[in-house]
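Please go through this structure with the text beside it. The paragraphs below take up side-chain contacts, backbone geometry and charged pairs in turn.

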Amino acid sequence: MTTTQQPKLHLANQTGKLSYELVSGNNIRNFSNINGSFLTTGLGTVEIKVTDKSDNYVDASDLVTFEVVKADHPSLAPQVTNYTYSTSEHTVTIPGQKGTLQLKPSDTSILRVDGNKLTTLKAGITTVGITDISELYNTATTTLTVHVERANRSAFTVKPVNQKYSASSIKFTELYDYSENSAAVTTAPVISVKANSDGAISLNQTNKTLNINKAGSATLELYWPQDDQYKESEKKTVEINITPADNRLTLSTQSVSTTYQIAPKTIAAPTVEGKKGTVTYRIKSGSPTDVVSIDSTSGLMTVNNAGNTTIEVSDSGNESFAESKTTFTAIVHQAKADLVVEYPTEIALGGDKFLQPKISRKLWDLNFTIDNTSIAEVSNNSNGYIELKSPGTVYISYKGTSRNYQPVNGQSYLKVLKEVHPGIKVESLDVYYTPLEQKKSVKVTSQQYGVRTFIQSGSPGSRYSYNFNTRLGTISDIQDYPFSIGFAVTESESEKYQAAKSGSEQADQGVIRIHPPQAGASDKDYTLTFSSSNQSQVIESELNSPRYSGLLRSSLYLKGYDNHYLPTQTDVATYGNGFFASLRVKPVGNDDIKARTAVRIVINRYDGCESTYNDSSSLMPNMAINFDTDGQNDCKTEGERAHYFTKFTLLDSHNLTAGEWELVDPLVIYRAGKFNFIDTPTGGSYVEYHKLDEDKQGYLESIHADAQSKMRKVYEWNTVNLRFSI
């Protein structure tokens, strides 16, 4: 609302002339400082400072606040309007409107609302509730009564029918052109027959079609009735004129075709049009008679073979029409079928030298050829039999022809191999450990044809190292026991035979088993017994004999143990330097694996000068030397010889139950060096090879060698079995 406001003030004690000052307020224009009047265009708070100026008093001021609120809306009168149905929108405005109108028709089947616009949906009368919403005036309501009248239909045209007779139908939509609002009308008109000579036409109201029955004429009446939106249309007539058809025998197609198949198959003749009498069928004179057989009355043909032939169709006619003839072609195509000719991709000589393929179907006349007759030769061109001659590769080609099937061709690849290897036979190998040099060979009992290779499968680990010769099948330099390795023996291709490859039936496999030493094989076999009263045992080395007084250096080795572990400082302080190990044990005479358990022991090495290591009773824990001490003289005191002892101490046997127990496998201890040594009654000597090679006998006599003397780097080796009495 835009209006001029003048403050209405109730003042007391005014002594002079009043002046006005606008302090705040939105939408304020034309403010008067003389009388305080102002023009407002909106709502909100207005603050005005009023000052009383007097000659006798000090100026006095006060702040006056006004609230500008919505004005009362002038009353709205009910409205009435008339619309004619259309798809156009009608914008609604009413007298006294101050803001935006909200519309709500009571019957939404007659009117549709979009904002302040109405669209007619059908004819009828309905009331629309109107609410006027304004920023400056309070809300006001009224009603609008709307009368929607039916619209006049657009003009339409009809299409007369003039055609020659054919047994056909015409859709109702082909009888007129009619659209509303630039869109074709889809509702069907009311059509009735006004005249129909001899039943020339008939109406199918369900399918909305006009059926042509015969030559003649007819008159139809066509119009659209009144509906919810439109008034009834003008009624118009449609003239129908059907003239007689020409006397002509025609076919729906000039040829029929199918594809050959073995099972009985038929072909229907084309549809005959224009027949007046009796129709008959026959194969035209001079055309092939073996393609189809035909029923002279129905024209149904039965397929005999692939090919083409001509069929003649005759209409006998009647009193008014002469005989009529026409022809069509019956075509039977060759069938497409797959042929699989299967030879093996590889075949070895040595068996049946004749090879026959697998042929999936015998529908064609086949012809086989081969590209290299020195490898194989076709012995029967029609069935693909070939004769194998020598190793090599060939391509076998084939072609097939047939009256009823499309031609086929193909090619097979064949590799002719040498004869299959007759097979390798090998024996497993059992080897008994010894620290002395030994080389054992795998025994192959079959004849050798190609280059032989021995392949080991798997490795037991670095501790159990060995040397395996893959050409000779020998194993040597065995460093520990027990373990086993698998091996396979293969042979390369030979002049006559294929290779015996690993994993094939022709190759063979075996196992090399490394066992503990055999009893009596060592220099001496020891059995040490432990009990609750005897927890330690000492072995005095045979090297303490005067026959070895000239031996300066040696290393001590332990083999056949299960696990080696690092000792604690307390263990070393209690038992001295040593080899701390876990060993598998079993009840004596009991080989059941489930009965086995383990004990822990420490093995001490006591090597040194005779004056210090003179007997087993003088050995103290702090005298034990490192197990792997090497590279220096065993006794460093001039004029003294070395002594050697090995001590075994039981540390833990809590897993053992009462009874007699022993090691599962005996241990091996041995002392060895880098140089060959010969023991003699005079203390022995390191071998001087240049003298030995010049005069072996003279050299041995010079160092006083006797019958017991042995030249070796393994100076002494023993097996040690531990027994435990619990």
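Which residues does Met-301 touch, not counting those up to four places away in sequence? The model is a predicted one, and in it Met-301 touches Val-256, Lys-265, Thr-266, Ile-267, Ala-268, Ala-269, Val-292, Ser-293, Ile-294, Ile-311, Phe-328 and Ala-330. Met-301 belongs to the largest nonpolar core, which has 43 residues. Met-301 is one of the residues with the most contacts inside that core, and the others are Phe-328, Val-332, Phe-368, Ile-386, Ile-396 and Leu-414.

The aromatic side chains come next. A pair of aromatic rings is described by the distance of the centres and the angle of the planes. There are 22 aromatic pairs in the structure. One of them joins Phe-156 and Trp-224, with 5.0 Å from centre to centre and 80 degrees between the planes, an edge-to-face arrangement. Phe-156 is in the loop between strand 13 (140-149) and strand 14 (157-158), while Trp-224 is in the loop between strand 23 (216-223) and strand 24 (236-243), so the pair ties together parts that are 68 residues apart in sequence. Phe-156 has a relative accessible area of 3%, under the 20% limit, and is therefore buried. Trp-224, at 1%, is buried because it falls under that limit too.

Phe-677 and Tyr-686 have ring centres 5.1 Å apart and planes at 80 degrees, so this pair is edge-to-face. Here Phe-677 is buried at a relative accessible area of 2%, whereas Tyr-686 counts as partly exposed at 24%.

Phe-156 and Trp-224 also belong to an aromatic cluster, together with Tyr-176 and Tyr-178. Charged side chains meet aromatic rings in this part of the text as well. The charged end of Lys-236 sits over the ring of Phe-156, 4.7 Å from its centre. Lys-235 lies over the face of Tyr-223, and its distance from the ring centre is 4.5 Å.

Turn now to the backbone. The peptide bond from Tyr-481 to Pro-482 is cis, with omega near -10 degrees. Pro-482 is placed in the loop between strand 47 (474-476) and strand 48 (483-491). Lys-208 is not a glycine, yet its phi is positive, at about 60 degrees. This lysine, Lys-208, lies in the loop between strand 21 (201-204) and strand 22 (209-212) and is partly exposed at 36% relative accessibility. His-704 also has a positive phi without being a glycine, in its case about 65 degrees. The loop that holds His-704 runs between helix 3 (696-702) and strand 60 (711-725), and His-704 is partly exposed at 48% relative accessibility.

The structure has 1 disulfide. Cys-609 and Cys-635 form it, with their sulfur atoms 2.0 Å apart, and the link is right-handed, with 100 degrees about the S-S bond. Cys-609 is in strand 55 (residues 597-609) and Cys-635 in the loop between strand 55 and strand 56 (642-652), and the pair links distant parts of the chain, 26 residues apart. Cys-609 is buried at 12% relative accessible area, and Cys-635 is buried at 11%.

Charged pairs complete the tour. Side chains of opposite charge can pair when their charged atoms come close. The count of salt bridges comes to 22. In one of them Arg-452 meets Glu-491, at 2.9 Å from N to O. Arg-452 is buried at 11% relative accessible area, and Glu-491 is buried at 3%.

Asp-607 and Arg-671 form a salt bridge with their closest N and O atoms 2.9 Å apart. Asp-607 is in strand 55 and Arg-671 in strand 58 (residues 667-678), so this pair ties together parts that are 64 residues apart in sequence. Both Asp-607 and Arg-671 are buried. Elsewhere, salt bridges that share partners join Arg-547, Asp-679 and Asp-706 into one network. In the salt bridge of Asp-591 with Lys-586, the closest N and O atoms are 2.7 Å apart. Asp-591 is exposed at 54% relative accessibility, whereas Lys-586 is buried at 11%.

Terms used: Residues numbered from 1 in each chain as written. Predicted model: local features only at pLDDT ≥ 70, side-chain atom pairs only at ≥ 80, totals over all residues. Heavy atoms only, no water. Phe/Tyr/Trp six-rings, centres within 6.5 Å; stacked < 30°, edge-to-face > 60°. Helix = DSSP H or I, 4+ residues; strand = E, 2+ residues; numbered from the N terminus. Buried < 20%, exposed > 50% of the residue type's maximum accessible area, 1.4 Å probe, protein only. Lys NZ or Arg CZ within 6 Å of the ring centre and 35° of its normal. Core = buried A, V, L, I, M, F, W, Y, C linked by side-chain atoms within 4.5 Å. Contact = heavy atoms within 4.5 Å. Disulfide = S-S within 2.5 Å. Salt bridge = Lys/Arg side-chain N within 4 Å of Asp/Glu carboxyl O.
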